[in-house]
Amino acid sequence: MTIAAAVETLVSNIDASAASYLDACVHCGQCAEACHFFENTGDVRYIPTYKLDLLRRAYKRHKDPLRGVKKLFGLVPAELTEDDLNEWSELIYDSCTLCGRCSIVCPMGIDIAGLVRKTREGMVAANIVPDGLTGAAGRALETGSPLGIKPETFQKIVAEQAEATGIPIELDKPGVDYMVILSAMEVLNFYEVIGALARIFKKAGLTWTMSTKAYEATNVGIQMGDKAIAKTLVSRVVDAAEELGVKYVVSPECGHAYSALNWEGPNLVGRTYKFEVIHIIELLNQLCEQGKITTKGKDSRRLTFHDPCQIVRRGGIVDEPRAILGQIADNFVEMTPSREANICCGGGGGVSSNPNAEELRLRAFGSKKRQLDAVKPDAMVTACGNCRNVLEEAIDEYDMVMPVLSLTELLAEYLDD
Ligand code: SF4
Ligand code: SF4
């Protein structure tokens with residue numbers, strides 16, 4: 001471990017906006033109420049602004065413009081130690097899903113989740129990253145998938161879905177309009193979505209493919225705070241899409257993958273792409289609005305929708321899933337709160353890849369459980385494979401009975417072909 005490297009990274013990450021955020025907290029406590037980790041444990045270490053203390057201390061000691069004067073009065077904090085970094089590892093990785101709910105309630109407009117991300121970069125410099133994340137990153141670099149699904153296995157899964165639907169799915173096909181990427185959890189656990197996509201693209205008359213060089217959208221580098229790994233993983237998707245000459249890359253039902261590719265990717269690769277990024281739910285809604293996807297019948301179950309944090313809060317995709325559900329669901333009910341104020345599934349931001357965090361993650365599900373208990377749906381729909389997996393596990397753990405459905409798969413069930 002290199003404390004000096006961690007401090008240097010933390011300090012170099014504090015630009016003007018981060019500095020203003022670190023100075024701005026008025027200790028109002030509103031972010032505490034917003035965080036599912038604090039709400040379900042009452043542990044004050046899980047209050048969002050407290051999670052920023054490591055970065056704040058590095059700032060106060062090394063970058064605060066008044067640090068010279070403050071030093072005279074003993075107001076500059078001590079240098080960070082190995083013990084500090086080890087203690088904050090749990091706060092930064094295990095008890096934060098980067099969901100951004102605290103950021104939207106902060107009256108001072110502090111981007112708390114963004115600052116947690118910056119702190120993670122310091123942890124990477126000090127080599128204090130949970131094993132679950134470093135393992136996932138290693139597998140992603142080696143095989144193309146954080147869950148270790150090799151291209152040969154991916155090809156087999158696609159072939160099975162093509163056979164099951166009777167629709168040919170051509171991989172690595174140049175000159176088509178759309179290249180679809182999938183979340184790791186979809187490839188491993190929810191591969192029926194591939195068949196659903198095949199049916200939807202056929203119905204809409206769109207040309208599409210998937211790449212054997214870049215079939216996974218999940219970016220562990222972004223979750224762990226390692227820019228070099230993040231860049232390598234984004235570059236794979238960019239290179240594959242540009243090699244095939246597609247017009248659009250379709251980001252899958254995955255929360256962080258959309259912001260990783262759409263917002264952070266161009267900064268990581270240092271240029272704009274030669275294609276557009278569109279989220280699958282945006283595309284499906286467009287196709288429904290254009291009449292290219294038509295449906296028949298409606299699901300009569302009492303359905304609710306879990307908004308994936310990164311899609312709704314950072315991606316702004318709020319009305320689109322509801323418009324699609326309006327077309328295919330007869331008995332839709334909102335949870336409270338929902339939309340931009342939704343409550344996280346508990347497993348985003350790499351938390352679900354981190355076995356150290358499992359017990360805490362399941363406790364944090366208490367907030368979502370209370371929402372579900374209030375609404376009593378027959379099934380919950382979502383638009384993120386990771387949320388779906390995390391929700392299924394927690395539902396099991398709490399002895400609840402409730403299917404968690406993919407919106408894409410649900411729409412495919414009601415196509416009028
Ligand atoms: S981003 Fe979400 S999980 Fe992290 S501190 Fe804020 S509310 Fe809690
Ligand atoms: S809501 Fe904002 S100002 Fe209030 S305690 Fe949290 S970070 Fe500080």
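**Exercise 1. Find how far apart the centres of domain 1 and domain 2 lie, taken over C-alpha atoms.**

Solution. The centres of domain 1 and domain 2 are separated by 34 Å, over C-alpha atoms. The bounds come from an automatic or database domain assignment. Domain 1 spans 3-128, domain 2 spans 140-287 and domain 3 spans 295-413. Next, take the contacts (C-beta atoms, placed from the backbone, within 7 Å). Here 5 residues of domain 1 touch 4 residues of domain 2. On the domain 1 side, 2 are nonpolar, none is polar and 3 are charged. Nonpolar means Ala, Val, Leu, Ile, Met, Phe, Trp, Tyr, Cys or Pro; charged means Asp, Glu, Lys or Arg; the others, Gly among them, are polar.

This is a predicted model: local features need pLDDT of at least 70, side-chain atom pairs need 80 or more, and totals for chains, interfaces and linings use all residues. Residues are numbered from 1 along each chain as its sequence is written, with chains lettered from A and ligands numbered from 1 in the order written.

**Exercise 2. Describe the shell around ligand 2 by class.**

Solution. Count a residue as near if its C-beta atom, placed from the backbone, lies within 6 Å. Of the 14 residues around ligand 2, C25, C28, C31, T49 and C106 come nearest. Helix 3 (30-34) and helix 5 (48-51) each give two or more residues to this shell. Helices are DSSP runs of H or I, at least four residues, numbered from the N terminus. By class, the shell holds 10 nonpolar residues, 4 polar ones and no charged ones.

Notes. Two residues are in contact if their C-beta atoms, placed from the backbone, lie within 7 Å.
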